[in-house]
Amino acid sequence: MKKKSGRKIGIAKIIAALAALAAFAGLLYYANNDRPRYEVSPSSGIEYEKAVVLEVMEDQTVVDASAENVRKGSMKLKIELLSGRYQGDIVEITNYFSTLYQVDVREGDFLSVRVSTSGVNEYTVSVYNYYRVPAIVGCVAVFLLALVGVGGKKGWKAMGGLVFTVICIVFLVLPLALKGFPSVIVTLAVIFVSNLVCFFLLNGWGKKTVVCAAGSMGGVLFGAGFAEIAARQIHVTSFQMEEAESLLLAAANFDLNIRGLLTSGILIACMGAVMDMTIGIVSAVEEIHKANPDLTAGALFRSGMKIGRDAMGTMANTLIFAFAGNSLNMMILIYSYGVSFQQLMNTDFVAIEVIRAIAGSMGIIFGVPVVSAASALVLGKESGKHTGGKAAKRSRNL
């Protein structure tokens, strides 16, 4: 009987997994089947293609000592187009250098070039940037190898969760936002599902996975709630973001709702830190419970809070440093103008960055009691059973 029931449970799990995969695939198809694609006509359009430098024909660059020794001037290059409709064509172009524009290449180097077509088989080519695809792929590969090499089996599972999260953000959050779906609701749904999948891959299906997902979701919700309240009190909306003007232009062609994008970005930014804090607390409480199964839910909660308080400070600092690092250049620029504190605090840029940093940190801070309470309640019930069993034995002995 036990074997048959075990088989039924196994079959049910497989069916549920296949149904979930089918639903996810269907959602991906719905979100991306009509995704925007850039198209050019035979007689016009701009394309970005790969090219190789065949020869540096002239080098008229000089070193400018007054601008931190950057090169200025121009190079005349002979290049071969390696992709696109003009693949195989050999073209002579001028590569201009300035303080802000530096693409220093030599023979055999690869370039990303801008091909502007003005008529049938009539086009001009200019240097766009370095061809960085191999280097970026290499960086990602090194990261994944380090993750697997150090993490072993857990590293493979973590990589699976990472890939799933990236797929959800890129192929669900972005296209569904362009389709007019509320970005905050979509982001919350993606975060919850990503949490479940990531914790499932790391720990399998069980109470620990559910507690981790629910606890981290609770912390993220606290952060989002604080961001909404703070944004209203400070009078900041998504329309004050740096990209708002460009997003408004995009909204003219799509059903994009810009208003919730600020909160959605905060949700995504603080998710990783909250997940990290969550798994740390739940794992520690679980180990404490295993070491002493007789501990009550209250005792486990207090232990979780102590562990969370130790991690809280460094986690909150992590988010503050991350947001400060992202906006460091702008802060230096503002500081260089001698802007007064009052003027600085009243700028849209500073207000948005303050909300982002504090909202993420609030998600971590309030996530600690949520995760501690959830793990204590689940494990505390089990410990109560253990305690009851031992008490019953004692009463029989008496």
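A network of salt bridges ties together four side chains, namely Asp59, Arg71, Asp104 and Arg106. The structure is a predicted model, and the salt bridges counted in it come to 11. Side chains of opposite charge can pair when their charged atoms come close, and the points below describe some of these pairs and where their partners lie.

**Between two loops**

- Lys179 pairs with Asp34 in a salt bridge whose closest N and O atoms are 2.7 Å apart.
- This pair links distant parts of the chain, since Lys179 lies in the loop between α2 (133–178) and α3 (183–203), whereas Asp34 lies in the loop between α1 (2–32) and β1 (45–59), 145 residues apart.
- Lys179 has a relative accessible area of 22% and is therefore partly exposed, given that buried means under 20%.

**Between a strand and a loop**

- Glu47 and Arg85 form a salt bridge in which the closest N and O atoms are 2.9 Å apart.
- Distant parts of the chain are linked here as well, with Glu47 in strand β1 and Arg85 in the loop between β3 (70–81) and β4 (90–97), 38 residues apart.
- Glu47 counts as buried because its relative accessibility is 14%, while Arg85, with a relative accessible area of 36%, is partly exposed.

**Between two helices**

- Glu286 and Lys208 meet through their side chains in a salt bridge, at 3.2 Å from N to O.
- Glu286 belongs to helix α6 (residues 261–291) and Lys208 to helix α4 (residues 207–234), so that the pair links distant parts of the chain, 78 residues apart.

How values were computed: Residues numbered from 1 in each chain as written. Predicted model: local features only at pLDDT ≥ 70, side-chain atom pairs only at ≥ 80, totals over all residues. Heavy atoms only, no water. Helix = DSSP H or I, 4+ residues; strand = E, 2+ residues; numbered from the N terminus. Buried < 20%, exposed > 50% of the residue type's maximum accessible area, 1.4 Å probe, protein only.
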